[in-house]
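Hello,

Here is the structure I promised to pass on. Please open it beside this email and follow along as you read.

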Amino acid sequence: MSLANYEEKATDFGNPNWVAYQTIVRTEVRRFTRIWVQTMIPPAITMTLYFIIFGSLIGRRIGEMGGFDYMAYIVPGLIMMSVITNSYANVSSSFFGAKFGKFIEEMLVSPISNQTILLGYVTGGVARAVFVGIIVTILSLFFTHLAIHNILAVVSITLLTAVLFSLLGFINGVYAKRFDDVSIVPTFVLTPLTYLGGVFFSIDLLPDFWAGVAQLNPILYVVNAFRFGILGVSDISLGWAYGILISMTVVAYVIAVRLLANGAGVRS
Amino acid sequence: MSYALEINSLKKTYDNGFEALKGIDLTVEKGDFFALLGPNGAGKSTTIGILCSLVNKSSGSVKVMGYDIDHDFGMAKRHLGVVPQEFNFNQFEKTQNILINTAGYHGIPRAEATPRIEHYLKRLGLWDKRDNPSRALSGGMKRRLLIARALVHQPDLLILDEPTAGVDIELRRGMWDFLTEINNQGTTIILTTHYLEEAEALCRNVSIINHGEIIANSSTRDLLASLHTVTFVCDLAAPIDSVPVIEGYECALPDAMTLEVEVDKGQSLNEVFAALSAHQVSVTSMRTKTNRLEELFVSMTSGDSK
Ligand SMILES: Nc1ncnc2c1ncn2[C@@H]1O[C@H](COP(=O)(O)OP(=O)(O)O)[C@@H](O)[C@H]1O
Ligand SMILES: [Mg+2]
């Protein structure tokens, strides 16, 4: 078909979509590193404050949670919180910015496939999430000792979470019409869900009814699966966590590709 | 034969119900230098938007260099370069990076793109600004950056949407020379413009679009030849206070020292001068009024000549 045809023409320098993908990723990484004061510093400060206030000051009075010292218990959730916010924010604001500045048109008039555009943005979001995740992890080492229980779970849950929230951020960016629209979801949805998602407590502490309600919160699965990777404890079954995260990622991916194909928010 | 651009019954109704294109047909031959003329809101940018997939068409078909934009979009886009009416690059990005990125989006790796980019930056007078963010460029430079960007993937068809709007005369001449040069090298060029002298100076063929319909389509020369009337502006030796009546000719007196005479094709200037002599009006010099293409344009788009 068309694309195959096109690729044939371009074989002298490999698959054009691969070059295009690298170009988008490079641009995305350059963007968030160029504005590092806005992208890297705030999570480092916020998380350090969490470590000091909840971990050191309040945590000392709480004692143990789930068999661990409170500081050690909350660190995995806080790392995931950074991964979630940063992947989401990176893609939603970058895509909205490209729409707002109209330079998204540079991609739309080029022969790149929609999936390449999407994967490029998602990779940018994952890159920032991993970057910030590592910074926060290093900072946490000043406050607690981290032994990794299962490296495979740590890596896979980090990537899966970053991909999922990059996709959700992308969908947000597609629908956003003003800059405010990019911050509404993080403020009114992501932050509350993160607090209720078991970052600071085990849902075993909740009454049965609320423990049931909490299971509707996808962030609960992220936090617990990651905590399992680090500490080896989880409030919920790991199989469930992976199943839910993978299905949500697939659904978000399909929606995002559809939106791009229809030109939602970018074509008239 | 296959055309550089082939548009069939193209229609566009925007979401708000406005019918911007009412079924246009247009063909542009390979190698042509073609003008799409029309007043504001005629549908020029809508047409171009559809060609480069920024606007979804409602119906009809479009082929770029023989490739259908629905079924062969990769090849169609590969062969098309577009200079949009508005600046649509990242204002914070360095001038050179904008071109490297666009090359990348077209699948051209940096190493391959770099010499080409250097060529266009130098040719278009942007080389010294390559490391400056694009927002620091002047308006004319930004326009030239758009042109360089449209050329990095070496399209066979280059479309420019009002490329010289807001560009001063001197720079406009430079841009004309550049466009003529790449047209001579084989690139088909289509431009939309408000400067009608531009179409006359550059373009071999012209279409006139108005209210989403093509109302004229022919060679620039034929269109000009079909022009019925020429208005001559005569400077008078002495002031007169009333318009002289010349049988069969329309006259006007914008001021006491200037007489305008409309001369239809087939009519004779000798007749005019004989009549003026009879009225004792003495003409010291004479020129044609405005651009002929502009008159043509006005007469065709005024509505009653449809
Ligand atoms: N996104 C849009 N929604 C609704 N109407 C539009 C939109 N874009 C353009 N139009 C209308 O379509 C008509 C043609 O516009 P356009 O193609 O930009 O004209 P031109 O480029 O010839 O000046 C205008 O009346 C314009 O107001
Ligand atoms: Mg326009």
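The lining of the largest pocket has 24 nonpolar, 16 polar and eight charged residues. Keep in mind that this is a predicted model. The pocket holds about 1,200 Å³ of space. In total, 48 residues line the largest pocket. Start your tour at its centre. The closest residues there are A:Arg31, A:Ile35, A:Thr39, A:Ser93 and A:Arg128.

Which elements give two or more residues to this lining? From chain A they are α2 (16–34), α3 (36–39), α4 (41–62), α5 (70–100), α6 (104–108), α7 (114–140) and α9 (180–196). The largest share comes from α5(A), with twelve residues.

Now go to the second largest pocket. Its volume is about 550 Å³. Here 22 residues form the lining. Closest to the centre are A:Lys102, A:Glu105, B:Leu54, B:Val55 and B:Glu86. Two elements each supply at least two lining residues: α6 of chain A and α1 of chain B. Of the elements, α1(B) gives the most, with four residues. By class, this lining has nine nonpolar, seven polar and six charged residues.

Next, the metal. What coordinates the magnesium ion (ligand 2)? The OG atom of B:Ser45 and the OE1 atom of B:Gln85 do, at 2.0 to 2.2 Å. B:Ser45 sits in helix α1 (residues 44–51) of chain B, while B:Gln85 sits in the loop between β6 (80–83) and α3 (95–105) of that chain, so the pair ties together parts that are 40 residues apart in sequence.

Are these two residues buried, partly exposed or exposed? Buried means under 20% relative accessible area, and exposed means over 50%. B:Ser45 has 33% relative accessibility, so B:Ser45 counts as partly exposed. B:Gln85 has a relative accessible area of 32%, so B:Gln85 is partly exposed too.

Last, zoom out to chain B as a whole. How is chain B divided? Domain 1 covers 5–224, and domain 2 covers 227–301. Their C-alpha centres lie 39 Å apart. Both magnesium donors, B:Ser45 and B:Gln85, have numbers that fall in the range of domain 1.

Best wishes

How values were computed:
Residues numbered from 1 in each chain as written. Chains lettered and ligands numbered in written order. Predicted model: local features only at pLDDT ≥ 70, side-chain atom pairs only at ≥ 80, totals over all residues. Heavy atoms only, no water. Donors = N, O, S within 2.8 Å, 3.2 Å for Na, K, Ca; no water. Buried < 20%, exposed > 50% of the residue type's maximum accessible area, 1.4 Å probe, protein only. Domains from an automatic or database assignment. 1 Å grid on protein atoms, 1.4 Å probe; cavity = no way out; pocket = protein on both sides within 12 Å on 5 of 7 lines; lining within 4 Å. Points joined across faces, edges and corners; volume = space filled by probe spheres on them. Nonpolar A, V, L, I, M, F, W, Y, C, P; charged D, E, K, R; others polar.
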